[in-house]
Amino acid sequence: MSAEQAGSAGLARDLRLVAWQVRYEQRAFWRNRRRSIFSLAFPLMFLLIFGLLNRHSHLKSLGGVSYITFFVPGIVAYTVMVVGFTNMAMSIALLRSEGILKRLKATPMPASAYLIGVTLSTVLTIFLATALLLLVGVVVFGVSIRASTLPGLIVTLIAGTAAFATLGIAVSRLIPKPDSGSPILMFITLPLAFFSNVFFPLGGSVKWLETIAKALPLQPLADGLQSAFYPHTTGAGFVGKDLLTLAIWTVIGCWLMVKTMRTLSAKD
Amino acid sequence: MRHAIEVTDLHKRYAEVQALRGVSFHVGAGEVFCMLGPNGAGKTTCTEILEGHRLASSGAVSVLGHDPARGERAMRERIGVVLQSCGVQEDLTVAELVEMYGRYYPRRRSAEELIELVELDAKRDARAGTLSGGQRRRLDLALALVGDPDLIFLDEPTTGFDPHARRQAWSTIKSLCSLGKTVFLTTHYMDEAQHLADRVAVMAAGRIVALGSPQELGGRDALPSEIRFTLPEGVGVGELPQLPPDADVQLDPDRGTGGGVLVRTAEGVAAAHALTGWALERGIELRGFSVAQPTLEDVYLALTAQDGEGSAGAQPAAAVAEAGAGTPG
């Protein structure tokens with residue numbers, strides 16, 4: 001066998017390991033009630049409650065778009081954040097503090113393959129949750145998904161997922177113990193959700209807060225997704241400035257993630 | 001034959017403390033090698049360097065022909081590690097974990113067989129998070145063996161076990177030896193070292209202070225016998241019969257002021273004969289009469305005390321080193 005063949009056989013083996021890791025992560029995730037409730041049942045509950053309460057409302061500030069057309073993509077953005085950010089952060093924090101990482105390092109499994117498995121599993125969870133929320137939006141609330149803006153919807157969703165997953169890995173450094181993880185992450189995500197056009201439109205009353213929101217990743221994600229749903233949107237649904245903001249956050253997230261991974265695999 | 005582990009003049013320095021001060025030893029293939037020592041002696045640091053978790057400050061290390069500092073996958077495919085406290089993915093079951101970790105290795109043992117070996121059959125579908133402490137340790141052992149390793153590191157494998165579970169763990173470890181595996185073991189327990197090890201290294205304050213089989217460690221086989229007994233009231237030590245010339249007679253510190261006597265002599269048989277003959281002739285009862293070799297524990301305590309005494313500061317400093325070793329790096 002040539003070195004090249006051995007290399008590609010090794011790569012194929014590692015890809016299989018990643019695929020298996022995704023399966024195990026998925027199994028563990030859906031089995032852990034606390035995590036699956038936070039990631040899926042909460043957004044679903046928000047969607048049903050806010051949706052039913054505002055069933056017949058229309059938003060003047062958005063040119064008379066129905067509230068539910070605004071809120072379905074909003075809650076999807078919120079879910080991408082909670083699952084991507086919170087789950088990645090908690091998974092990595094657990095890996096470190098429980099000594100799983102130490103055990104893993106003694107095995108032939110490359111830490112990178114493991115982390116890629118965890119990340120892909122999170123992406124899969126985000127897509128499943130999004131599909132479920134959209135299904136409820138369509139079936140229960142009669143929201144329509146537009147074929148013409150579908151490319152924009154998908155690309156924005158991927159960009160948001162990339163930004164939050166990488167930032168989640170980075171923020172795991174702020175979590176000293178898994179117990180303190182939930183409050184710390186809630187403290188970041190919940191206020192952000194309230195001023196990022198997710199639950200209700202801000203309507204221009206507090207300008208500086210909106211400026212901050214636009215610079216952070218949640219508002220651009222919500223905005224990008226929402227515009228794909230609005231009937232007045234023309235073109236394929238790409239919102240350039242939102243995608244740019246998400247791309248910048250992904251770059252920052254990747255940089256912090258690489259730093260975090262280096263620390264995780266360092267020896268002293 | 002090539003040694004499974006070779007360590008030459010290993011030093012490890014943390015910011016403030018010198019944890020290893022020139023450690024050298026080798027472990028032969030198929031040998032059970034045990035490292036004994038008090039907390040902070042440097043056992044864990046040494047083990048972690050061998051496993052590739054830590055980098056040495058200086059010295060040469062070879063594990064199955066690899067340099068562990070390079071973290072080669074080929075080496076990790078052939079070693080199994082049981083660490084002192086190490087988490088698992090608690091939402092997965094015993095069977096799932098054994099299967100999952102098994103996939104990481106090119107050569108692996110059957111999951112069913114391993115679960116049986118560590119006697120977790122009844123718990124195979126229980127989530128790891130619900131296992132008791134002892135069951136978790138057994139799962140640790142199964143996960144360390146799943147890649148059918150040639151060399152197994154066991155860091156205090158039976159700490160916290162009840163006596164029954166310890167016996168079981170010992171017999172599992174013995175069965176590994178019969179398969180030709182090399183075992184590198186650290187422990188606090190003398191009986192564990194005595195029971196399992198082919199050779200024992202005693203560490204104190206970052207150095208190996210003695211190395212040998214449990215029988216001959218620290219010249220134990222050549223040490224004088226110890227004869228202990230209690231004299232009845234009214235009979236003084238001065239009245240004892242003629243004993244071999246090397247005999248050292250003193251009041252037994254373990255028996256307080258109750259007339260306990262301790263005789264140390266290389267000629268234990270002659271001394272015992274003289275004493276019992278004298279007692280029978282005089283009609284004196286020697287309560288609690290015993291003849292014994294110093295135990296491994298005595299030797300160990302003597303060895304580790306030498307290093308602790310005279311440099312009272314050395315021990316706490318070394319303890320800091322091992323505490324530091326516990327923080328996630």
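**Close-up views of a two-chain predicted model**

**Figure 1. Strands β5 and β6 of chain B pair in parallel.** Strands β5(B) and β6(B) run parallel and are joined by 4 bridges. The model shown here and in the following views is predicted. Across this pairing, B:Val82 lies opposite B:Leu154 of β6(B). Strand β5 of chain B comprises residues 79-82. From this strand, B:Ile79 and B:Val81 point one way, whereas B:Gly80 and B:Val82 point the other way. In a regular strand, side chains alternate between the two faces of the sheet. All four of the β5(B) residues, B:Ile79, B:Gly80, B:Val81 and B:Val82, are buried.

**Figure 2. Helix α6 of chain B has a buried face that packs against helices and strands of chain B.** Helix α6(B) covers residues 163-178, and its 16 residues should span 22 Å at 1.5 Å a residue. The C-alpha atoms at its ends are 23 Å apart, which agrees with that expectation. The buried residues of the helix are B:Ala165, B:Arg166, B:Ala169, B:Trp170, B:Thr172, B:Ile173 and B:Leu176. Viewed down the axis of α6(B), these buried residues fall within an arc of 160°, so they line one face of the helix. Their packing partners in chain B are α4 (111-117), α5 (133-145), β6 (151-155), β7 (182-187) and α7 (190-196). On the other side of α6(B), the exposed residues include B:Pro163, B:His164, B:Arg167 and B:Ser178.

**Figure 3. The two ends of helix α6 of chain B are shown with B:Asp162 at the start and B:Gly180 just after the helix.** At the start of α6(B), a side-chain oxygen of B:Asp162 comes to within 3.1 Å of the backbone nitrogen of B:His164. B:His164 is itself exposed. Just after the helix, B:Gly180 adopts a positive phi of about 85°.

**Figure 4. Strand β12 of chain B pairs with β10(B) and with β11(B).** Strand β10 (residues 225-230) of chain B runs antiparallel to β12(B) and is joined to it by 6 bridges. The pairing of β12(B) with strand β11 (residues 248-251) of chain B is also antiparallel, over 4 bridges. B:Val261 in β12(B) is the bridge partner of B:Phe229, and B:Leu251 stands opposite B:Val261 as well.

**Figure 5. Three strands of chain B form an open sheet in the order β2-β1-β4.** The pairing within this sheet is antiparallel. Strands β2 (18-28) and β4 (58-63) of chain B stand at the edges with a single partner strand each, so one side of each is left without a neighbour in the sheet. Neighbouring strands of the sheet are turned against each other by 15° on average, direction ignored. Strand β1 (residues 3-13) of chain B is joined to β4(B) by 5 bridges, and these two strands run antiparallel. Within that pairing, B:Ile5 has B:Val63 in β4(B) as its bridge partner.

**Figure 6. A:Lys102 of chain A touches residues of chain B.** A:Lys102 is located in helix α4 (residues 100-105) of chain A. With a relative accessible area of 28%, this lysine is partly exposed. Its contacts, not counting residues up to four places away in sequence, are B:Glu48, B:His53, B:Leu83 and B:Cys86. A:Lys102 and A:Ile154 are separated by 52 residues in sequence and by 37 Å in space, C-alpha to C-alpha.

**Figure 7. A:Arg103 is buried and touches residues of chain B.** A:Arg103 lies in helix α4 of chain A. Its relative accessibility is 7%, and because buried means under 20%, A:Arg103 counts as buried. A polar atom of its side chain lies 3.0 Å from the backbone oxygen of B:Gly87. Not counting residues up to four places away in sequence, A:Arg103 touches B:Leu83, B:Cys86, B:Gly87, B:Val88, B:Tyr101, B:Asp140 and B:Leu143. B:Leu83 and B:Cys86 are also among the residues touched by A:Lys102.

**Figure 8. Chain B is shown as a whole for orientation.** Its secondary structure comes to 10 helices and 13 strands. The C-alpha atoms of chain B fill a box of roughly 75 × 45 × 40 Å along the principal axes. Of the 329 residues in chain B, 51% are buried.

Technical notes
Residues are numbered from 1 along each chain as its sequence is written. Chains are lettered from A and ligands numbered from 1 in the order in which they are written. This is a predicted model: local features need pLDDT of at least 70, side-chain atom pairs count only at pLDDT 80 or more; totals for chains, interfaces and linings use all residues. Side-chain values use heavy atoms; hydrogens and water are left out. The expected span of a helix is 1.5 Å times one less than its number of residues. Buried means under 20% relative accessible area, exposed over 50%, partly exposed in between (1.4 Å probe, protein chains only). The arc is that of the directions from the helix axis to the C-beta atoms. Contact means heavy atoms within 4.5 Å. A polar contact is a pair of N or O atoms within 3.5 Å; within protein, one must be able to donate a hydrogen and the other to accept it, and residues adjacent in sequence count only if both atoms are side-chain atoms. Two strands pair if DSSP finds at least two bridges between them. Axes are lines fitted to C-alpha atoms, for helices over the stretch in contact, and angles run from 0 to 180 degrees between N-to-C directions.
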